[in-house]
Amino acid sequence: MQEIYETSIKIVPSLSDAQGLLSIPDSFALFMDIASTHAELLGFGYDAMRERGLFWLTVKTRLVIHQRPQMGEIVTLRTWPEIPGKLRCNRSYEMLLDGKVMICGKTEWAVMNFRENRLAPAEEGYPKEFAFPKRTACEEAFSRIPDSFDGIQPFADYTVRSTDIDVGQHMNNVAYVRTLAGSFSNDEWHSLAAKKVEVQFRSPCYEGEQLCLQRKTTPEGLDVRISRKGDTVLLARIER
């Protein structure tokens with residue numbers, strides 16, 4: 001059984017930003033995609049989980065960006081599930097170029113039993129014989145992002161589009177990150193020089209819904225809140 005999944009990919013133009021580097025939203029997308037591929041190989045992908053009345057629920061994702069690869073470079077992607085807790089579990093990611101870690105991160109997941117509308121034990125998402133690697137790609141703990149944006153005026157708004165919707169019929173996780181990045185001008189986004197980006201998902205969004213974005217400066221960078229009719233749907237932290 002392949003405990004650690006590894007593959008290589010070329011950074012093509014569609015994955016690159018205005019600086020000719022792998023974009024931050026596409027970094028999230030590549031890690032999401034290899035997680036899905038690995039899960040399918042291990043027998044607990046989307047279709048297999050659905051047959052059991054289960055699906056993977058993303059809680060939060062944190063990326064640590066040491067250096068973004070350039071367009072045309074070929075990188076190695078690695079992912080593996082960490083030892084699960086009772087109701088939540090982490091999956092680790094690494095992106096390497098010539099053996100050097102360029103970007104690393106982790107996602108916290110939960111397993112939802114949609115037939116009973118409850119969280120299931122996290123270990124139910126994995127084969128019983130699976131041998132979990134005893135390491136993490138990202139030692140840093142997830143952030144505590146205060147949901148305190150009272151009195152802060154929105155700096156952008158966004159209407160959820162049909163192209164944001166995934167097979168779960170709600171806004172795809174990476175679509176939130178694209179919305180976040182797209183709310184800045186190229187110059188603003190580049191000037192942030194983000195070295196760490198974390199997103200925490202609170203509530204699903206659907207086509208046609210109106211989202212509001214607020215931001216506040218912190219000593220490390222920026223905290224951003226995305227809300228719908230006053231209710232928080234996502235919190236993000238961007239650190240320099």
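Asn90 has a relative accessibility of 17%, so this residue counts as buried, because buried means under 20%. The model is predicted.

Where does Asn90 sit? Its place is in strand β4, residues 88-97. Which residues touch Asn90, apart from neighbours within four places in sequence? They are Pro81, Glu82, Lys106, Thr107, Glu108 and Phe142. One of these contacts, Glu108, also stands opposite Asn90 in strand β5.

Strand β5 pairs with β2, β4 and β6, as the table shows.

| Strand paired with β5 | Bridges | Direction |
|---|---|---|
| β2 (residues 54-65) | 11 bridges | antiparallel |
| β4 (residues 88-97) | 10 bridges | antiparallel |
| β6 (residues 118-120) | three bridges | antiparallel |

Now look at Asn113 in β5. Asn113 is the bridge partner of Leu54. Asn113 also stands opposite Arg118 in β6.

Two hairpins involve β5. The hairpin of β4 and β5 has two residues between the strands. There, Asp98 takes a positive phi near 55 degrees. The hairpin of β5 and β6 has four residues between the strands. In that hairpin, Asn117 takes a positive phi near 55 degrees.

Methods:
Residues are numbered from 1 along each chain as its sequence is written. This is a predicted model: local features need pLDDT of at least 70, side-chain atom pairs count only at pLDDT 80 or more; totals for chains, interfaces and linings use all residues. Side-chain values use heavy atoms; hydrogens and water are left out. Buried means under 20% relative accessible area, exposed over 50%, partly exposed in between (1.4 Å probe, protein chains only). Contact means heavy atoms within 4.5 Å. Two strands pair if DSSP finds at least two bridges between them.
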